[in-house]
Amino acid sequence: MDSGVFRRGKLLESMSRAQLDVELREGRLRRLRHGWLADPAADPEVVRAVASGGVVTCTSALKRHGVWVPPTPKLHMRGSTSSVRDHPSWCRLHGRPPKVTGAVDDLPTALRHAARCLPTEDFVVICDSILNRRLLSPSGLEAELGGAPRSVQQALSLVDGQAESGTETLVRLRLRAPHLHIRTQVAIPEVGRVDLVVGTSMIVEVDGYEYHADPDQFEKDRLRDLRARALGYDPIRLTYRQVIYQWDRVGPLLIELIRRGVHRRPLIA
């Protein structure tokens with residue numbers, strides 16, 4: 001991954017010391033700390049992590065590898081030198097810290113830090129995304145976390161790998177209840193693929209901003225909803241903001257609908 005931050009030794013594999021000195025003198029590279037340099041267009045967060053004595057890891061690294069991660073203002077870092085590894089706000093993993101190989105941790109290393117750093121819900125979200133985007137296979141995911149504590153293994157039992165966005169996973173986890181069947185990415189004839197089906201008849205779709213901003217998509221979605229209703233389904237649409245920031249209001253309403261049996265209505269053959 002090219003973050004614009006490099007180890008000095010890595011750069012010396014492709015240029016001489018004299019060339020490196022020229023790059024530094026003419027401002028095409030700058031020193032962040034001993035053994036680490038950055039170009040002018042380097043990722044500011046990666047620069048910050050390395051200048052602080054660490055590297056980017058956990059969700060901050062996973063995001064850079066294409067994983068859907070819960071929104072957070074925190075930059076997740078881990079120490080790359082013995083003098084800073086015990087910083088109280090930095091991420092750790094279960095077991096021995098791996099050797100630092102770059103300014104942004106690789107996906108498996110970042111995942112192992114997330115397994116210790118994140119609450120269960122957020123950890124399941126990132127695992128779902130990793131599987132859905134085929135960044136790891138199910139067996140690969142289990143292998144990376146094989147030595148993790150029981151709490152991590154229990155979290156893995158909640159992963160299904162089908163959700164196409166973290167908001168879908170969040171809704172699935174938050175509505176989860178004994179004897180309540182929730183399916184992800186369900187293909188319904190005459191309607192198409194929907195995000196979630198709760199029970200037999202309650203469809204939950206989570207729309208990103210682009211769906212509201214695209215008039216054609218808006219029209220198509222309303223037609224889909226009408227088709228679903230004609231088949232006996234009850235379609236419900238949630239926005240990204242409602243799932244992420246307004247669940248305290250949205251969640252109880254969905255649970256009330258389930259209590260009333262909306263999810264158990266018979267479908268039209």
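## Strands β8 and β9

Met-202 has Asp-234 of β9 as its bridge partner. This contact belongs to a predicted model. Strand β8 covers residues 202–207. It pairs with β9 in the parallel sense, over 6 bridges.

Strand β9 spans residues 234–239. Of its 6 residues, 5 are buried, so the rest of the structure largely encloses β9. In a regular strand, side chains alternate between the two faces of the sheet.

## His-263

His-263 sits in the segment after α13, a helix of residues 247–259. Its relative accessible area is 7%. Buried means under 20%, so His-263 is buried.

Which residues does His-263 contact, leaving aside neighbours within four places in sequence? They are Leu-180, Val-198, Gly-199, Thr-200, Ser-201, Met-202 and Ile-258. Met-202 is also the residue bridged to Asp-234 in β9.

## Helices α6 and α9

Two packed helices are described by the angle and the distance between their axes. Helix α6 runs over residues 120–132, and α9 over residues 166–175. Their axes come within 9 Å. They cross at roughly 135 degrees. The two helices are therefore oblique to each other. The crossing is right-handed.

On the α6 side, the contact residues are Glu-121, Val-124, Val-125 and Asp-128. On the α9 side, they are Gly-166, Thr-169, Leu-170, Arg-172, Leu-173 and Arg-174. By class, the contact of α6 with α9 has 4 nonpolar, 2 polar and 4 charged residues.

Terms used
Residues numbered from 1 in each chain as written. Predicted model: local features only at pLDDT ≥ 70, side-chain atom pairs only at ≥ 80, totals over all residues. Heavy atoms only, no water. Axes fitted to C-alpha atoms, helices over the stretch in contact; angles between N-to-C directions. Helix = DSSP H or I, 4+ residues; strand = E, 2+ residues; numbered from the N terminus. Parallel < 35°, antiparallel > 145°, perpendicular 65-115°, else oblique. Left-handed = near helix turned anticlockwise from the far one by under 90°. Contact = heavy atoms within 4.5 Å. Nonpolar A, V, L, I, M, F, W, Y, C, P; charged D, E, K, R; others polar. Buried < 20%, exposed > 50% of the residue type's maximum accessible area, 1.4 Å probe, protein only. Pairing = 2+ DSSP bridges.
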